Amino acid sequence: MALLEENKGSPGADEGETDSITKACILDGFTEVADTRDLICSLPQVHGDMRPREVTTQKFKLILDRYQDQPHLLDPHLGSLLLEFVRNEKSELSLVHLSFQFLYFISKVRGFKRAMHRFPHEVADVLPVLNLLSQQDPKDCKTWETRYMLLLWLSMTCLNPFDFSRLDGILESGVGKPREPTMDRIMDIAKSYLCVVDSPRKAASLLVANFMTRPDVKQMCLGDFLDWSLTTISQTSDDSVTNVRVLDGVLQSLAKLFKHGKRDDLLQYAPVVLKCLQDKNFSGSSELLRKLIVKLSQRLGLTFLKPRLADWRYQRGSRSLAANLAMTKSAAPVTPEETPQEQEEYYDIPEEVESVIDHLLMGLRDKETIVRWSAAKGIGRLTGRLPKVLANEVVGAVLECFSFHETENAWHGGCLALAELGRRGLLMPSRLTEVVPLILKSLIYDKKRGTHSVGANVRDAACYVCWSFARAYEPKELKPYVNQIASSLLITAVFDRSINCRRAASGTFPHGIGIVTTADYYAVGNLSNCYLKISVYIAAFPEYTQAMIDHLVDMKINHWDGVIRELATKALHNLTPQAPDYMATTVLPKLLTMAVGPDLQRRHGAILACGEVTYALYKEGRKSEREVVDLISPECVDALKSIHQKVGTIELMRLAICGLIEKLSLSKMPFKNDPVISGWQWILDNTIETLHLVSSKARDDILSAVVSALMALCEEYYQTETGQADAETQVSRYINGLQSAQLLVRCGSALALGCLPAFMIHGKVEQVYMKGMCVVTQKDRTFSEARRDAIKSIAQVFVKAGVCANGTPDSCLCSENVNKVYELLLNSMSDYTTDSRGDIGAWVREAAMSSLRDLTLLISSSAPECMMACLAQQAAEKIDRYRAHAGNIFVHLLHSTEPAVPHIPHREELLIIFPVLDWKAPSHAFQYITQLLGLPEYQYHTLLGLTVSVGGITESTVQFSSQSLFKFLRKIPDNAALEQFEEVLLKVFRDHLHNDRCYESFVLYDAAVKSNKSLCSCSHPFCMEILNLCKQCKKTKDPAKLRCCISVFCGLIQFQGDVRKKVWSQLLLLLCHSGCAIRQMAADQMYEMLVTYDDVVNPEVLGEIIELLSNTNWQSDLNTLRPLRNQICDWLEVPQPQLISKVYISFSFFTQ
């Protein structure tokens, strides 16, 4: 059964044809035949060694796993080499187990039913397999594959038509003791393995089915086995995992026995088994046992009924396509309605069948899907053997699952049962008038439960029902329902919340080719794409337009998920051009009624939809040069004006009203100088003032909605005919709001000022700038968000005010204020405020970079040269998002041509260095950033940014930034360039020596020393400067800073002369630091340093120092450690540190 034989292909195949076959996910054959054969042949050599055995096993599994989706490709290559290892009596036990493990891998991929037929199943194989199986330990968890495959093999040998008694011969062993019959041995093994906890239990159930159905066995052992099984079921509780596994094995064996056995042999036992199951009552058991009970019950029911194919069933042609094409109209199948009732075969139905059907109907309501699915299949199988009248009653019972008081489980089970009945032709066409409406309800079934909803499985099963109906009935039977079903399926395919339901519903419809190619499996995977694009294409077909609109209004506007409600309103906006009259006369009045209803979610969706539909109607009116009020009724106009007075001020309503204000303003509703404008303005201002009362999740959304609404409102209603502003007090209110004590009021006021149109801020530009600058320069942790929004506001105000070199600061960006604005933005790029949320100053830096880009593109000639260097610093830092933002702005300004940004230092070199790249990926970005270190104007800022990245905590950032830096250092061409780099590095150290954010910069020195051996000179001044700076930093109590100092000291040990002696003094002082963790850290790094640089210490004492450092507990008492530290000082010939006594002066001295 090994994968051994070569695939030789068809002898007449055209070799040139294979060249045109494109490679895809579908494999065209088993290409690893030779590799697999080599792995199998190597088993005798690798089975005894664990490492080669594991490598060989993993390679074999990896090859076979590729064929999980196309296992049939293995069929031509199934040979018998593995079984030769097993059948060879000289094979070692480990080789046998490994061979069975490989056989299990093959059966797992190909399926055990197909794989077991490859086993040899002659008479001579029974006893060897049985003997080998008897030698196995059922409790050995490492060799369960061996027992599993042996049980399958033994079950295959049981299919041979010979009497097992012929194998027994004389039932005496060689020593005169009686030998157990083969039949009893197999029975005992089967019973024992039905009670194990691992996979061989499933194989044992198949062994029971094949063994018990033999003619010679059923006469002698069937009754005893059933007695044992029923006794085990009745006496075993399901209160433990072990007992559940025992019941699972017994129930599996009974289910397969009644499946494969003959009815005449099992009919006498069926009532007893059914009564045992009813007495046991498995309703509270695990889902695995409940599924097996349902499975066994349906098999018992099929045993009670005679095997027959119902004459009354609905038949649609033949399963053969050729036979269907050959049929003529005169030979069309007779429909069930035309079959006379007296032709139906009547016979007595046992009473037990009713109990079985009742149990299956209860299984349709089970809480687990696997139980419901098994029950549905059982309903279909049993109904096919019932008379038409009784089958009709079963269908009626199934339809009761769709009652309004039933749970989603019953609806799902009912759908599965209807699909099975329809697929088998057991659901008559006359029932479609009752069934189709229920299926249409199932396609939109969605019930909210707490914070989530249920019903996705019901909708998915309803799609399966539609699939089965399309293949079960003639077109003429479904013709009256096609439009309803197609519309519902399309609505599900486009508007369902669940991706599985959308994909299940995307099938064949009228206009199928065009729709299926647009709403295919992958296209419906994106929810926004479905609502906003695919729906527009489908709505272009008139038969679907109104149904889609009605579904959005009735089902999605009031959906529990806010995202669905918002997408539904946008979809209504996009669908309005398909039916503008219907939207204006029917949909909009309905939405206005819903907008003032009692349901909060319905009100929210309806208000948003009113705005979207009105704005869409406005766009439609512009095409024919009509106003929006010409398309909608005066009653609707009045209702739109009064909505904001009736809906309240809770969070959802504020979002909805802001959206409505924005859309009505964009629609140019004739409300100018109307009191409604004052009401809208009050709502927007009040929302800004009360943002601190809103939940944190909704604040950003509400603030964004307020800004969008305010922008549209001001543009439409606050400009006079002369072009002046008609709302001076509003601007002053927002300017004063920048000084509010409430953070969110500051944020809202800043964003409001930034969205105001140019005519409203004319003459107030300087005032906005001064108030905004006060907010930005207030470096307080509390107001980081306000600084961010103020930066955005200042840039937006100047962009809208425009540029005029000779203008006044009150009206535009001019020569008097341009330098102040740039200074403010550049200073904001150095905001590194932190709190419990992390680096919150990054918000301000991001806003400053964006504003810098906008202003530079507006006044490119006045941009300062240091701007690009500051951007380079941000592009070299550690946070991926902000590094990418800075890098993209840097490249954008560099490559900008309209307008071109002048005064960029080293423009030509930068254009060569920076292509289009992925700034978020550290592996891609830092190799370009470090090239800026070679340009003097960028060196300081770039090195400062790299300081943070190299000393960061993100592994990828540290790795790639360090590698790029080392690469640059190794390429420094001469001493002059090296000295310049040293000066810049020292300047970075001095400027940020006491900056907690940049203390990692000391690690850069260690990198410089390791990368440039020319620094290792006792007379080099650079090392003395570094040493002095580290001595200043060593006074801190911050463990992180001290760790960096220790690292630098250990790097400085390479320098000879006075530097080395001073470094030893500092390190030995740290060995007796007051912090025990610092002492241990210093000892560990000194040990690593001495192992790395063994030439810095006299070889005669090197061993003693290393031994003392490694064997001493440096976290013990200082009085114990000081003599040991002093011993190291003597070995290194370094003066011992002297303990300075603290002098205490009595207070009485001053009083005398």
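**View 1. F85 is buried in a predicted model**. With a relative accessible area of 13%, F85 counts as buried (buried is under 20% relative accessible area, exposed over 50%, partly exposed in between, using a 1.4 Å probe and protein chains only). F85 sits in helix α5, residues 81-87 (helices are DSSP runs of H or I with at least four residues, strands are runs of E with at least two, and both are numbered from the N terminus). Who is around F85? Skip the neighbours within four places in sequence, and F85 is in contact with I40, L43, P44, S91, L95, V96 and S99 (contact means heavy atoms within 4.5 Å). One of these, L43, is 42 residues from F85 along the chain, and the two C-alpha atoms are 9.1 Å apart.

A quick note on the ground rules: this is a predicted model, where local features need pLDDT of at least 70 and side-chain atom pairs count only at pLDDT 80 or more, while totals for chains, interfaces and linings use all residues. Residues are numbered from 1 along each chain as its sequence is written, and side-chain values use heavy atoms, with hydrogens and water left out.

**View 2. H47 lies in a loop**. Look between α3 (43-46) and α4 (50-65) and you'll find H47 in the loop there. Is H47 buried or exposed? H47 is buried, at a relative accessible area of 8%. Apart from residues within four places in sequence, the contacts of H47 are R53, E92, S94, L95 and L98. L98 is 51 residues from H47 along the chain, yet their C-alpha atoms are separated by 6.8 Å. L95 turns up here and in the contacts of F85 too.

**View 3. N409 is part of helix α23**. This helix covers residues 408-423. N409 has 14% relative accessibility, so N409 counts as buried. Leaving out residues up to four places away in sequence, N409 touches L364, R365, D366, K367 and R372.

**View 4. Helices α31 and α33 run roughly parallel**. Helix α31 spans residues 542-556 and helix α33 spans residues 580-594; their axes come within 11 Å and cross at roughly 10°. Axes here are lines fitted to C-alpha atoms, for helices over the stretch in contact, with angles running from 0 to 180 degrees between N-to-C directions. Angles under 35 degrees count as roughly parallel, over 145 as roughly antiparallel, 65 to 115 as roughly perpendicular and the rest as oblique. From α31 come Q546, I549, D550, V553 and D554, and they meet Y582, M583, V587, K590, L591 and M594 of α33. Sort the residues of this contact and you get seven nonpolar, one polar and three charged (Ala, Val, Leu, Ile, Met, Phe, Trp, Tyr, Cys and Pro are nonpolar, Asp, Glu, Lys and Arg charged, and the others, Gly among them, polar).

View 5. C814 is buried, with a relative accessible area of 3%.
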